[in-house]
Amino acid sequence: MSSSLLFSDEGQNEPVIESEDATVKASSTAIPLIELQEVARTFTTGGGIEVHALRGVDLKIYPGEFLAIVGQSGSGKSTLMNILGCLDRPTAGKYLFAGRDIESFDANGLAWLRREAFGFVFQSYNLLGSESALENVQVPAVYAGLNAHEREIRAESLLSALGLGDRMDHRPTQLSGGQQQRVSIARAMMNGGNVILADEPTGALDTQSGIEVMELLEDLASKGHTVILISHDHEVAAHADRIIEFRDGEIVSDSGPKAANVDSKNNTKLRELFMSRKASSMMAGTGEAIRMALRSLKANIFRTMLTLLGIVIGVSSVVAMLAIGEGAQQEIIQIMNQLGTNIVTVRPERLPGSFRSMPSTLTLEDAALIGTNIPNIVAAIPQMQSRNSNVRFGRNDTQTSVVATTGDMPEVESWPLAQGVFFTNGDSENITSVAVLGSEARADLFPEGQNPLGEYILIGNIPFQVIGILTSKGAQGFNNPDDSIYIPFKTGAVRVFGKDEADEIRVLIDDVEQIDQTEQNVLEYLTALHGTQDMRIYQNTSMLESTSESQKTFTLLLGSVAAISLLVGGIGVMNIMLVSVTERTREIGVRMATGARQSDILSQFLSEAIVVSCFGGVIGITLGLTVGLILQRFEVPIYFSSTPMLLAFTCSVTTGLIFGFAPARKASKLDPVVALANE
Ligand code: ADP
Ligand code: MG
């Protein structure tokens, strides 16, 4: 049908308005823009007393009318206005907007009507205190999804037209009452202001400002806007074309609409107005939400700081604690590596039934083959050893252990030299007579102050030249590696021990996590090589297990302390957000009156929570790093890795989201009239 009024909207659950067939048929009878049928509004007070603010109001308002509702204080004018502006719903009766029953509109539908059709002007202006005049005027367009540039241009031209061109950056408190009311009129006009609802707009103004505001409203009415004015003052109401008198929630007189307004042409005009209008049902964008969040966080800087503090403490403790935990773990791993948990030892094993005196079958070649052919092995060294050999230097005589090994020994045992060099595999091949002394062997043989390097010692009767001294392992007791002398493997085989077979092969594992698999591989390899399993493999698993157990407990402890701090931070966010919602109830009401959807309010408060926790996260990470670096100065083992930092950041944002959700939801579910009435 050609006359159907279609408000197209993209995918949102906002209403499609069509005029009903019955109304359209009688083309001579115009469809009122607003029609109230027997509208009543009853409030139930806390004490259970019913207040009948409206008692069955019938009213038709046509497009382009300039209408004044007069009546004494308490007669129900504001209640009527709130219902007309879709801030409140009637308890009984019907409200038709452009022929459509608003009963069928959900919360989003009403927000859409407030945004697209109405513009509110309040007695107390209701501007947002934290925003400039220019920003206040833009609010309705933010919710209509107009882009920032167009929005600003339109707001500027509106303010200039209302004589506030030089006051755009002023906050409401920096403006006079008359100026604030003009800002609020500009805001009402922002989305077109088809229907201007002005509740005692001059009530708080001096005479001159009141006259100016009335002139503005008259001007708007003459330009085709429907203006509904509420006043207790008959002189003010006299500016209007139609005067309705109100008493005790009922209409007592109505001067009636002007014939020109009832003319159906005006209806067409209205329809065109609505049709031509881009039905923007987009939610305010993310960028907008963040910008608004930043503004309001800045406006409440002290509260913001407190919220930040909670998050900062939580995040920085996570970062610092995990760095300490990780540092301790790394240190334990290092110590364990020094102790040789990443080493497995292959020893010969006599088969049952074989002779006790049967010699070892492990050879230098076995070690070399393992080293090259099995993955995850850094090096494998064969060793043969005597417990008590006679060693002599000059007149000093001592009993010490002599170990024949290869040039890889310092690497495998993580054992650096204090002085000189270690022998090479070449020395072994050439059967060179060189020796490297453990620190205790050196102390036994050489007087303090004498440099042993280059000197010759006698092992048995064979002279060996000292080429290096090992650092002290600090070990004690039986089979002390410090109380040993190290010589090349082949030299030992030929000159000292008179045999080829190794007593053991020490194997350095690369990735300790896979130690069991590697051990298995070594065993299988050697068994295949020898044709029989004549060896066994030993590792220090028991120590590895007990240390990793205690490490797990330690990490768990630190982790829970950190988690508790984050939780406390989250509760802080929630607490302060709840305070913020309570404190800003009126702001929420104003935003709703200018057309914010529940989802807009929700996303605004959530954005604030997320922005705060992002900031808190970044500051917390920085602080945690700083604490870690300071501790490092005091030689506490610290190890930073990116995972806990990322984790802490994600956690803080998630905390903000989770703990911010309940307050944000509470805000979005507020009733617009109740929120607006909040002082
Ligand atoms: P007016 O704007 O004409 O001064 P109102 O519409 O504000 O009058 O109020 C009409 C009547 O309804 C008054 O008696 C007022 O006390 C009552 N009223 C208004 N709002 C509420 C409310 N939220 N709860 C209870 N009573 C209310
Ligand atoms: Mg009132």
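**Exercise 1. Locate threonine 405 in this predicted model, decide whether threonine 405 is buried or exposed, and list which residues threonine 405 is in contact with.**

Solution. Begin with the secondary structure, where threonine 405 belongs to strand E13, which covers residues 396-405. Next take the accessibility: the computed relative value for threonine 405 is 0%, and because buried means under 20%, threonine 405 counts as buried. Finally, set aside the neighbours within four places in sequence; the contacts of threonine 405 are then Ile381, Pro382 and Gln383, together with Phe422 and Phe423, and also Tyr486, Ile487, Pro488 and Phe489.

**Exercise 2. Describe the second largest pocket, and explain why it lies between domain 1 and domain 2.**

Solution. The volume comes first: the second largest pocket holds about 660 Å³ of space. Its lining consists of 30 residues, and those closest to the centre are Ser78, Asn82, Asp199, Val673 and Ala677. Two or more lining residues come from each of strand E1 (34-44), helix H2 (77-84), strand E6 (118-121), strand E7 (195-199) and helix H23 (672-677). Sorted by class, the lining has 11 nonpolar and 11 polar residues, with 8 charged ones besides. The position of the second largest pocket then follows from the domain assignment: domain 1 (3-281) and domain 2 (292-333 + 546-677) both give residues to the lining, and therefore the pocket lies between them.

**Exercise 3. How many cavities of 30 Å³ or more are there, and what lines the largest cavity and the second largest cavity?**

Solution. The count comes to 4 cavities of 30 Å³ or more. The largest cavity has about 140 Å³ of space, and among its 14 lining residues Leu297, Arg303, Thr307, Ile576 and Glu608 lie nearest the centre. At least two residues of this lining are supplied by each of helix H11 (286-299), helix H12 (301-339), helix H19 (541-583) and helix H21 (598-633), and H19 gives the most, with 4 residues. By class, the lining of the largest cavity divides into 6 nonpolar, 5 polar and 3 charged residues.

Turning to the second largest cavity, the volume is about 110 Å³. Here the lining has 15 residues, with Phe118, Gly119, Pro140, Arg187 and Ala188 nearest the centre, and the elements giving two or more residues are helix H3 (107-116), E6 and helix H6 (177-189). The class division for the second largest cavity is 7 nonpolar, 4 polar and 4 charged. Strand E6 also gives two or more residues to the lining of the second largest pocket.

How values were computed. Residues are numbered from 1 along each chain as its sequence is written. Chains are lettered from A and ligands numbered from 1 in the order in which they are written. This is a predicted model: local features need pLDDT of at least 70, side-chain atom pairs count only at pLDDT 80 or more; totals for chains, interfaces and linings use all residues. Side-chain values use heavy atoms; hydrogens and water are left out. On a 1 Å grid over the protein atoms alone, a cavity is a set of points where a 1.4 Å probe fits but cannot get out, and a pocket is an open set with protein on both sides within 12 Å along at least five of seven lines; lining residues have an atom within 4 Å of a point. Grid points are joined across faces, edges and corners, and a volume is the space filled by probe spheres set on the points. Ala, Val, Leu, Ile, Met, Phe, Trp, Tyr, Cys and Pro count as nonpolar, Asp, Glu, Lys and Arg as charged, and the others, Gly among them, as polar. Domain bounds come from an automatic or database domain assignment. Buried means under 20% relative accessible area, exposed over 50%, partly exposed in between (1.4 Å probe, protein chains only). Contact means heavy atoms within 4.5 Å.
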